[in-house]
Structure formats: C-alpha cells, structure tokens
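The model goes here, and my entries follow.

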Amino acid sequence: MAAGWQQLAVAPLFFLLLLLLLSGVLTLPLGGENKRTPTCGYESCHATKPNMLNVHLVPHTHDDVGWLKTVDQYFYGDRNDIQHAGVQYILDSVVDQLLKNPDRRFIYVETAFFYRWWKRQSSGEQQTVKQLVNEGRLEFVNGGWCMSDEATTHYSAVVDQMTMGLRFLNETFGPCGRPRVAWHIDPFGHAREHASMFAQMGYDGFFFGRLDYQDRTRRMLAQEQELLWRANIDPLTFALDKNKKNPPGILPNGYNPPEGFCWDQSCDDPPIRDDPDLEDYNVDDVVMRFLAIAKSQATAYKTNHIIMTMGSDFQYENANLWYKNLDKLIRYVNARQGNGSRVNVVYSTPSCYLQELHRANLTWALKTDDFFPYADSAHDFWTGYFTSRPALKRYERVSNSHLQTCNQLEVLGGPVSRNGPFGEGNSQTMKKAMAVAQHHDAVSGTEKQHVANDYARRLADGWRHCQVLVSNSLAALTGSSAKRIYCDNLNISVCPLTESSKKFSVSVYNPLARPVTWPVRLPVNGTAYTVSDAKGQPVDCQVVPVSRATREVRKNRGFAINELVFQVQAPPLGFSTYSVSLLQDGPPPAAATKHRAPTAIQNKVFTLSLSNLETGQSISLTQNFYWYNASDGNNSESDQPSGAYIFRPNSSTPFVISQRAKTETVQNSVVQEVRQWFAPWVSQVVRLYSDSRALELEWTVGPLPIDDSLGKEVITRLDTSIKTCEMFYTDSNGREVLQRKKDFRPTWNLKQSEPIAGNYYPINSRAFIKDDKDQLTVVTDRSQGGGSIHNGSLEIMLHRRLLYDDVRGVAEPLNETSAIFPEGLVVRGRLLLSLERPPAAADAHRPLAQEAVLQPLLTFVDGGLSPDTRLEFSGLQAALPPAVHLLTLTQWDGDSVLLRLEHQFQSRESRVNSQPVTVNLQKLFSTLEVIGVSEMNLSANQWKDEMIRFAWTPQTDSEAPPPKASGDASSTWEVTLRPMEIRTFLLRVALR
C-alpha cells in the first residue's frame, strides 16, 4: 500500500503518456466480440466546457494485493483489528451505486482482486457488470494482476503479471475491458523501463503519485509538471505530472481527495448538509472551499482541465456515502455557473481526463532519466526498500526462473505435462503467485512479516504444482517415468538423495536459448566419485569439504560432510543428464583445504588481483564488509528513523566489520576458493571455476547482532583504481542501463541532505563502474540497493535489521526472525564480477545477467537409468544468436503458444551484438511445427498492427527520431529484432 498515507509531504498525482510510433485501430485479438456498439472508453466521457475550468472527479479505491494483511484477508475483510478493509464488499457496493445514476463513474485497478470477486458472481450479476463496463461507467485502469513495484521487480515478471491481468479483462469484457491508461499511484519511485513497457503495451497514459519533493517543487515553480518521457533510446514516450496544489497546512497524497472532501466511512469529514432549514447547513461553505482548491490547483497547469482523485486505500466499502455527497458536490458547484462561476465539475476517469489534454494540442517538456531515488523530505529517502527482506527478494527471483522453466516444459512436453504419470500439474498456480509477488508491497519488502510469509508460501505452493508438470514433461521427453527428486536447498548444501545415494543421475535443464556451462555443487558423504555425461564421457569432478559457514547456516537440515563439484553443459532450451557413482566413502580429503591466505588463484581468464589475462587488463581491487548504524530518529536534524522503506544512516562513514579475515583455500582442477571468515555473522567465499569468465563472491550475512541496541545495514564495498569521475551505472528492471552521478539529478539542481541514502539506486541485476580502459561489472542474484559514494568504488547493501518503524504505515520494525533463525535472519547470496574493456563489456555482462536470472534446473533420479532413456534434448533446432533472448514461451490455449523474442543489447553498447538480428520462426523449434503466426503487443491483448495511441509533441528534441517499428519484408516467418526490441507472437503449433 500507499505507505505514505500519513506522511507530511505532498505526493503529487503524476501521469505519463507513453508514445510509440505505431499505427492501427483497436480490435479484439482474444475473447468474444461484443455485438452491441459499446460507448466505453473515450466515447463514454462526459462533455466538458471549453470556456471553463473543468474538474474531473475520479472515484477510485486503492486495494493493495497484500500489505498489512494478506491477499486473502484483504479480499474477505478478515483481521480488521489490523486494518478495516474488505475488497469483496467494495466491489459489491460500487456496482450497486453505479446502477443508481448513469452519470457516476468508477475505476478499478487490481485484477487479482476483481478476478476473485467476478468468479463468485451469478450470471445475472456478471451481465450487469458487463453493461456497466460497456457503457464506460466502470472502467479498468492499469489492469495488471497487481500494481507492481518499479524498483525491485524484473521486467520479465512484470510483463507476465500484466499479461495475465489484461488477458482476463480482454476475454471477459472484450474491447471495453482494455485499459487505456496505466495507473501507478503508489509505487515509491518510477523506473524508465516501466514506462517503456507500458508504451509497448499500448497505453495512452501512465498516472503515478510519487516523485521527489525537490523535483516536485521545481516543476510547480517552472510549470513543468507535464512532460514527455523518452522511455528508452529508441521509442519516444510522453508523460504528464499532475500535482494537486493545496493551500498551506493540508496534508494530501497523490491519490487521496482534497482535504475536507473525503466521504468514506473511514473518514471524519462532514457530509454535505443541504437542507436550508438545518442549523448546520453547509453547502455554501463546501462549494467555496472546493472552488478555492480547484482554482489554486489550476494555476500550475497548462490546460483548463484538472483531475481530483476521490478515494483512497480500500475505500468505497459503503459507496453510498461517497456517491451521495459527490452527486451533491457536482450539482451545487455547477449551479454557481448561473452566478458567473467558471468552474465545471464532472464525474470522470483518467482516460477521459487524458483525452482532454490530448485535444489541447500543446507541446510538452522532455525527460530522459528516471524518478529514482524518491524522497518525501530532506532526510526521508525511500532507498532502504531496495534491499529490505533480501531472502524474499531472492526467493522471488528463483521462483521466476522456476516459472519460466515450468512454462517452457509445458509447451515442449505437450498435453501430457499437465496430466501424466505423476498426476495433474499446472503452471497457473505459480503464475498467480508470481504475479502477486510483483506488488509494490511484496517483493519490495515493505509488508508486515506475516504477509511476507504468505507471499513465500504462495510461491512454494506454486512450485509444488509446477514440479508435477515438470516431472510429467521430462518423463515424456526422456521416455523414463522414474521418480524425479527436487533439491531446493542446494545453496546451503542440502539434498537428502545425493547425501545418501551411491548412484544417481542429475538432469540439467537450461531455460536459455543458448548453451550454458554451469557449476554444480552437490552435498555428499563420500570422498571419491565418477561423473559421466550424456555421451558416457568422464567429467572432471572433485570433492571438497563443506565449509564452516555452510554447516552453521544449514543447521540440522542436512548432514553432508563434503561437496561434489563439477561443471555441466546443457543445450539451449533443453537438458543434459549426468550419471554420478560413489567410488569411496570416508572423511574429507586431508589436503583439500589449507588454512592460509593464497598468494594467487587464477584460471585462464582471471587472477585474484583482479586481472583479465585475455585482454591484458589489471586493476587494483579491495573488497570488505561494513555496516551503517541505522538512525533511530533521535537527532537534531530529523526524527526520521531507518525502516522498511527509508534508509537513513547515522553517519556517512560505515563501520568496518573486520580489517582481517580468517582464511582457508581450496584449489583443484575444477574450482579454486578462498573461504573468508570476517565475524561470526559475516563470511564469504571467493570462488573461481576453471572455465568461468566471472569471479564469484558468495556472501553469508546474519544474524545481524542487535544486543548493542543498534540497527544495522550491511554493505559490501569494492574499491578499485578505476577513474569513475563520480559516475556509475545501474540497470532498470534488468534491461537498459542508466548513468548515475553522485549528488546529481539530470532534471534539477539537487540540494543533497543525505549523502549516502540520497546516492543509492536500485540494482536489479547489475551495476558497473568504468573509465576509458576498464569496466568492472557486478551481477547480482536479486534486487539490491547500492551506490558509488567514492571515486572508483561500488557498494551494495546486502542485509538490513532495524529496531524502529519508519512511520510509513507498516507499523513494525524490519527485524526478521524465523523458527530456524530465532536470533535473526541469515541470508546467503552471490555477486559475479566481470572485468572487460568498456566497448566489449556488454558482450560479457548481458549473457551473464541472463544466466543469473534464468538458472538451470536440476532434477535427480536415484539409481541407474534404463538403457532407452533419452539423456539429452534441445527444444530448439539451433541456438539463437547471442543478441537474442527467448523471453517467453508459454502455453496460451490448446494449439497455440505465446512467444516473446527480445534483442538484449542496447544501441551502440556492443560492436558485434548491437545490430539487428533476424530469426526464422518456422526453423525455431525442434519438436513444434509452427503453422500460424500473429504478432501482438507486449502484453498480448492487442494485435500489433492494430494498435494506435495518442501522439504528442515535445517542446524540444535534439535526438534523432526513433527508427520505425520492425517490419518483415522478406517472409511472414522471418522476424527482425533491433536493439532493445521485444516482439510478441501468438503461434499456432502442432507437435512434430
């Protein structure tokens, strides 16, 4: 939820109009056609008056898909002792009230809730709701399964959740169910990649409610609260910022009503008392206050139209209260026109408001950066949630990888994957769990603890359903119905099968469209093993002892004393099977570890110093762990403490955890490791595999000690000789890379008041520092926050444990414990370091980041396999070119699949790979014959060639015009991808 509902700063309503150079007319690609001529969308807008100030009242509710209560608790209205909220009652009440007056309007956002409510309605009630939608009285905005976070989500998961929500609306309501605008009124900062995605989904506008307080002030003074947003280097997008200007002393938020005009049962504002015989008759007072607010708000904007959001969190449970007073407000304000008033009030929607701005035919300011970091006051930077709940953030990322594998194998295995030898499996449960996890109080880590537990439980339940599907599919593809075992705790060396079995096989499924080499570490109790690949060839393998840190973090969940380490290769979109046999039992080999610091570890690419032996590069590099003392809010500058949302250290200088580390080394033909022990709660393994182009830093942090009554925010910092000139680079939702500069904002002259927190940015999959000669890229395994506070350095926050709530609504400190870790959460993760020449760096970090997001899935079979088992398989006829990423392959219906192909390089970032690439769809799959193809928009709810959106004109645009959208002149089956382009296809297929 709107964690800022009780903050003291203005959070303006902000909207963005996203423009791609596309053409066409809206038709319905999916779902039944509506025989009646609908009057929804722009056709259903109330008339406005050109010579007056038109006030668009937008009745709405903001329904968090989990925050203080779980999704179920919010829907049913349970646990009202935490928060009074029941979504089912809101929808019941709104529908009832819309029927009483055809002028009334209402917008709804969260499809996850609406879907549940819809399935519980009678056919008669459903027809009534369809009529309201067809007449534009009930309008869907945004339309995704949830309102996703924009800092900590990966673009692939956002696309998936938007597709699921929009598909339901499309198939249920037809063209009138398609939202015209995106609506992100509550996320805590806004990513340029989200703007780009919304543009490619066909939205005409994008409304949001939060931007930095300094940015807001400057825009108000300069009358630049309306802007074009170039959301990436190719397509042009448009954006408008609509902030309510309110009289001094009121405390509005970006989506709340003006002060004094909240008529929900949760509000205390007086109703409109319009009986003149009453002593407390207040119509004149209400009208005068409203006119004053409207006229004040209008001074900051270019047109004679303003918007007011009439609603807030979980409001309209008794919609009669709202609508009865809104009816009166409209009637009495408009009645003043007879006395010379120039204000006209109408029920409206964001799309109707947007249409009026488009009709104004004005030019708008241009923006090319993003809206991070977000601060609502001088010492209140919302940069802590970039890292909050790091274990949940990792679990969400792993679950995304599992879902993509599940989706792919559902297609490749055919119908038997959903109903086969292991029972009924499905991908839908996991899709819904992942969609809910994208909510801006889910993966963001800003929910209550019991809600975070519920998100994790949903993901685990979804994976259980997918495991059945995966087992069925692999049974069909291998020809073996042997039981498959899944080991989800290999990162802490736990797998009961490998710990006890003398002979087993491991299948490695690769969800990427290119072959991968991947290190495998299996917990074992023997000291010698043989490993053979799918062709029966021996594979180099080594046994190393389980580290002390791993033994401590796994506790009694596993009992292996050793790890079997070897590297595997897996074909694109396929699997390869390796056989493992025990040769010798016994304790770990005596010479496996050495208790001293190494002079060097190196492979044919890297040495530890850090040097790249292929390119001849060498930089000085030091790395250590530190912690910031979290503010408790008790100081003279501000009473703001660090919390789930806010990062506010007490000092700009972090405490070093230890100047020295106890070390031991492991060196063999497969891997070289330096195991470092900094403190009882911080350890690390520096690891270099024989064929790796990246150095791995596996960190283990926790439980963070709080017996000193100090909250702690733990970072790792890399200090190098690279001359960065106070600049560094971060990705946006895992795709495009943006330049960051210390104490600088491209849009305004920053007055820096928090030198650490004010220089933190979200790192979703990678960050890097560079100069003319060297680029050091760090690839993360989850979303984290980080910054470059000193020249040549890059710091990343790993873990947070705080003792105070930050007063943004969640009402509990971020102090995670569990049954396994009652003394505090322990988190493990890894960073991958790549050193390259800047012109070639993207050729390394782009595929490396995709490997970190979509990791191979290991499944195990005990004992030997039957001789006729298929040991290797690829779902592709050939690997895709290095620039092309297979983003989506999922079953759509009985004989069609949804395919997304993406060019994963930006323009000019690679001499080799930043070029257009052509792929033949008919020559793509090995087991599927493609017999029909239709191109769709990114969210798969419109045909691509029939999508058109509003066109807008920038005030200035020094850049060259974007290239035309891809077209294929050569063949229906050959598609060309340009840098950063995603193309979506609905394929009709048959199994070969």
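Burial cut-offs come before anything else: I call a residue buried under 20% relative accessible area, exposed over 50%, and partly exposed in between, with a 1.4 Å probe and protein chains only. I am working on a predicted model, where local features need pLDDT of at least 70, side-chain atom pairs count only at pLDDT 80 or more, and totals for chains, interfaces and linings use all residues. Residues are numbered from 1 along each chain as its sequence is written, and side-chain values use heavy atoms, with hydrogens and water left out.

**Entry: salt bridges**

I took a salt bridge as a side-chain nitrogen of Lys or Arg within 4 Å of a carboxyl oxygen of Asp or Glu. How many salt bridges does the structure hold? I noted 51.

**Entry: D186 and R210**

I found these two side chains in a salt bridge, 2.7 Å from N to O. D186 sits in the loop between β5 (181-184) and α6 (192-200), and R210 in the loop between β6 (205-208) and α7 (213-222), so the pair ties together parts 24 residues apart in sequence. Helices (H or I, at least four residues) and strands (E, at least two) are DSSP runs, numbered from the N terminus. Is R210 buried or exposed? R210 is buried, at a relative accessible area of 3%. D186 is buried too, at 0%.

**Entry: D274 and R331**

I looked up this salt bridge next: 3.8 Å, N to O. D274 is in the loop between β8 (239-242) and α8 (283-298), while R331 is in helix α9 (residues 319-335), so the pair links parts 57 residues apart in sequence. D274 is partly exposed at 22% relative accessibility. R331 is partly exposed at 45%.

**Entry: R394 and D781**

The side chains of R394 and D781 form a salt bridge at 3.9 Å, N to O. R394 belongs to helix α11 (residues 390-413) and D781 to the loop between β36 (775-780) and β37 (784-787), so parts 387 residues apart in sequence are tied together. Both R394 and D781 are buried. I also logged a network joined by salt bridges that share partners; its members include R521, E563, E664 and R830.

**Entry: H56**

I placed H56 in strand β2 (residues 53-59). H56 is buried, at 2% relative accessible area. Which side chain does H56 join through a polar contact of 2.8 Å? It is that of S348. I counted contacts as heavy atoms within 4.5 Å. Not counting residues up to four places away in sequence, H56 touches several residues, among them T48, H305, S348 and E356.

Technical notes. A polar contact is a pair of N or O atoms within 3.5 Å; within protein, one must be able to donate a hydrogen and the other to accept it, and residues adjacent in sequence count only if both atoms are side-chain atoms.
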